[in-house]
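Try each task before reading its solution.

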Amino acid sequence: MTQASKASAQDRRWLAAAAALGVRARPLSRPNPAVGAIIVRGGKVLGRGWTAAGGRPHAEAVASAEAGGSIHGSTVYVTLEPCAHESRRGPACASLLAEARPARVVIGCGDPDPRTNGRGIALLRDAGIDAVLADCEASRNSLAGFLTRERLGRPHVTLKLALSLDGCIAMASGESQWITGPQARAHTHMLRAMSDAILVGSGTVRADKPRLDVRLPGLERFSPARWVLTHGAAPEGWQAVADPGDLTAMTSAQYLLVEGGARTAAAFLAADRVDRLAIYRAPIVIGGGRAGIADIGLGSLAEAHGRWRMSDSRMLGKDQFCVYERTPCLPE
């Protein structure tokens, strides 16, 4: 077994590029993770790949095929530990790489799947390949849905809110079209296209009869499965979940987008089932409008602090888009 080296700053840049490729696999790679891979030799990219629709072929196999199958002496950058279990759908990626003899395999994060967990790295090292586990944040972020499902048995949840400056989602009358401008609304459809499932409350379904589909040209087929938070029956074409604390019914979903309204947003926050906040804030003040989030049961202001950290902020036309990630180590 070789002694593994450490990941360099250059390695992390290549892994970040591989993570960007992996995002292209969402959401059609399900039930498999959306993995990205890049093969480099002498500073030249030999091949790139990401998990294909339906989960096969895997990113490593796609990148190797683009490289012509000759990757001896190269460095393979892959966002997730290469799988170590054989399948009727194809060979284990760790075995494929061991046979192809790259000099190094730099891995963004380990695979929590017990069929692979550590075994893929061990197989590579036993074959004399320098296998590096980099613990790369970009890789983890690109695989958040898969990692959340493997570790917690539920999808990764993003709560999307379109708000005025004073935190309203609508006028007091209920009028809400449109809080944000066309660029922000198009961006929302991109979020939908990258999600397996989308959820609103039963009140929103009754009042608005929302389509919740993707209306970006060429991406209509990426419309997510529609879910409603209700104790009753779901409308035709929808599925129902009764409690944000129990998302086990969403067996195939890795990414869930929650679009509201206020009581649904509060229910997910109170149940501590929001991993990511995606907030679109329009430069308008409504005053006396409908609040974006209902009461979440906090007993003191101190309880609100330390729960979220900003990970992204940008302008979309006149609107500001901000992403907040849940602070690690909060109880699940």
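**Exercise 1.** Which residue just after α2 takes a positive phi?

Solution. This is a predicted model. Go to the end of α2, which spans 59–66. Just past this helix, Gly 68 has a positive phi of about 80 degrees.

**Exercise 2.** Find the buried residues of α2 and work out why they lie on the same side of the helix.

Solution. Start with the list: Ala 59, Glu 60, Ala 63 and Ser 64 are buried in α2. These residues lie on the same side of α2 because they cover an arc of only 130 degrees around the axis. Finally, look at the partners: the buried residues of α2 pack against β1, β2, β3 and α3.

**Exercise 3.** Which members of the largest nonpolar core touch the most other members?

Solution. The core has 22 residues, and Ile 71, Val 105 and Leu 124 touch the most other members. Among the elements giving two or more residues to this core are β1, α2, β4 and α6. Now take Ile 71: beyond its neighbours within four places in sequence, its contacts include Ile 39, Ser 64, Val 76 and Leu 97.

**Exercise 4.** Is Pro 182 buried or exposed?

Solution. First place the residue: Pro 182 sits in helix α7, residues 182–193. Its relative accessibility is 54%. The cut-off for exposed is over 50%, so Pro 182 counts as exposed.

Notes
Residues numbered from 1 in each chain as written. Predicted model: local features only at pLDDT ≥ 70, side-chain atom pairs only at ≥ 80, totals over all residues. Heavy atoms only, no water. Core = buried A, V, L, I, M, F, W, Y, C linked by side-chain atoms within 4.5 Å. Buried < 20%, exposed > 50% of the residue type's maximum accessible area, 1.4 Å probe, protein only. Helix = DSSP H or I, 4+ residues; strand = E, 2+ residues; numbered from the N terminus. Contact = heavy atoms within 4.5 Å. Arc of directions from axis to C-beta.
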